[in-house]
Amino acid sequence: MKNGNSVLVVEGVTLQYRTKSHLVTAVYRVSFNVQRSDRFVILGPSGCGKSTLLKAVGGFVHPVEGSITLGGAPILKPGRDRVFVFQEFDQLLPWKTVKENITFALGTTERFSRSEADERALHYIRKVNLSEFANSYPHTLSGGMKQRAAIARAMALEPQVLLMDEPFAALDALTRSNLQEELLRLWDEMKFTMLFVTHSIPEAIRLGNRILLLSVRPGQVKAEINSQGADAARIEQILFDRPIAERGSHE
Amino acid sequence: MSEPRPELFYNVSNSAFNVVQKPLTGWGRLYEIGVLRKVVLLAVLGLIWEIYGRRLGDENLLPTLIQTAKALLSSVQTGELPKAAFYTIMLLLKGYFAGLLLAGLLTAFASVTRVGADLLETLTAMFNPLPSIALLPLAMVWFGLSERSLIFVLIHAVVWSVALNTHAGFSGVSPTLRMVGQSYGLSKVSFILRILVPGAFPSILTGLKVGWAFAWRTLIASELVFGASGRSGGLGWFIYINKVEYLIPNVFAGLLTIMIFGLFVEYGIFRAIEKRTVQRWGMQQ
């Protein structure tokens, strides 16, 4: 807010959800600013509420206190200016081909004619190296290819901020490493703004330029650091409040 | 005592394969044709029927396949059977589509509001186990001896199984897909039609099939009980009247007609839809 460059401003956000028997506080008074072209990573152990936080930015969950604003406007509901890439492989509509998945998404914006949408879809499919599979149905693709298609779909919408919820967590190590590389290459080219949630310290250091460290249940901000020169051991120390050697059964 | 094992490296070349892709032999290829397999199966079943019928030698107990076919042919020539079949099918379609419409409305309501879901679940639990034919006497009181009674009963036969399956299918659509749909900012109607319906299509198809079968059974049973409603009779009436006149080959011809329709609808319509939708989308093997 004070900073003119901020795209996404999260201020004192507390998130709670209800189960059958409990009211659970997932995230407590979290604040951060995401600037244009940031690769902003939210890093924390499982159960720190980082996915819930991302869903709140997505507009699926509403904060009980604090505010989230995108380009100055409060976030009230899901919208196309914040597009998700999920961890799950079933995020592509199975009844549409890779290309149709993208053109369908573009079609909902009513900004493009059919031929423009086609062209744009193919352009982004090429960017993620899926040209050969543009007309394939999702079930014929490997996990890594599905995630690439989901990334292409998200980028084609040119959102103000790209929300990535551990998109590579379910992939094997080789594919994950390839996709991280590709994502960085795409970012170099297009400089989009992204908010990336992960529980992997190396991934956070590799992909982010700025890293938000969250504590366990309820998630509270422990630190916000630059990834340049960040050191995995130090991050681990901050996250878990103790020397690395003592870390044992916790995960 | 043990030496380190040597590391091994190989040159890989693709030219040395004997078989990468080999076309299937003649029989193998024929066996892959589903229609052919089923036609052969039907022929075998028909043959068993024919042989057993001939051994029995009593066409008023079990006419042979050929006798049935002859009866079928002559009933077709007199125009009696086509008329009955046409009447039944028109009625069936009316009842079926009215049932689908009602099921669609109920499920749409159920997927938008909680009250709707509760209503649908309660109604289905109450009415689904109730045989439609049990409602026929009541329908006759309400609507008289008219087509409307039969359509009422048909709707009851169709609506619950279709609604139940569609509703179950909707709730089975993954949260991820739902969130994808929501983030596109689709309207409620659009969300149902473009995300929930295709996402739940395997269950919807099952519902349609079950509903279709229920509709047939109910209609034939109703016609048997009800006889000619007003002016003309359907297939059930055809079967009933021929039984009364002790023309058993004709009874079999009527039954065979129903089975032929069953085969046609299953393979000609439902399977064709499956192939183009759920199988192509990888939602069903």
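Where is B:Tyr246 found? B:Tyr246 sits in the loop between helix H11 (235-244) and helix H12 (248-276) of chain B. The model is predicted.

**Two positive phi angles**

Most residues other than glycine have a negative phi. B:Tyr246 is not a glycine, yet has a positive phi of about 60°. B:Tyr246 counts as exposed because 9 other C-beta atoms lie within 10 Å, and 12 or fewer is the cut-off.

A:Asn129 also is not a glycine and has a positive phi of about 60°. Its place is in the loop between helix H3 (114-127) and helix H4 (143-156) of chain A. With 13 other C-beta atoms within 10 Å, A:Asn129 is partly exposed.

| Residue | Other C-beta atoms within 10 Å | Exposure |
|---|---|---|
| B:Tyr246 | 9 C-beta atoms | exposed |

**Domains of chain A**

Chain A is divided into two parts: domain 1 (1-80 + 163-168 + 193-251) and domain 2 (82-158). The centres of domain 1 and domain 2 of chain A, taken over C-alpha atoms, are 27 Å apart. Domain 1 of chain A gives 11 residues to the contact, and domain 2 of chain A gives nine residues. On the domain 1 side, helix H1 (50-58) and strand S7 (161-165) of chain A each give two or more residues.

**Between the chains**

Chain A contributes 19 residues to the contact with chain B, and chain B contributes 15 residues. The chain A side divides into 10 nonpolar, six polar and three charged residues.

Technical notes
Residues are numbered from 1 along each chain as its sequence is written. Chains are lettered from A and ligands numbered from 1 in the order in which they are written. This is a predicted model: local features need pLDDT of at least 70, side-chain atom pairs count only at pLDDT 80 or more; totals for chains, interfaces and linings use all residues. Domain bounds come from an automatic or database domain assignment. Two residues are in contact if their C-beta atoms, placed from the backbone, lie within 7 Å. Helices (H or I, at least four residues) and strands (E, at least two) are DSSP runs, numbered from the N terminus. Ala, Val, Leu, Ile, Met, Phe, Trp, Tyr, Cys and Pro count as nonpolar, Asp, Glu, Lys and Arg as charged, and the others, Gly among them, as polar. A residue is buried if 20 or more other C-beta atoms lie within 10 Å of its own, exposed if 12 or fewer, and partly exposed in between; C-beta atoms are placed from the backbone.
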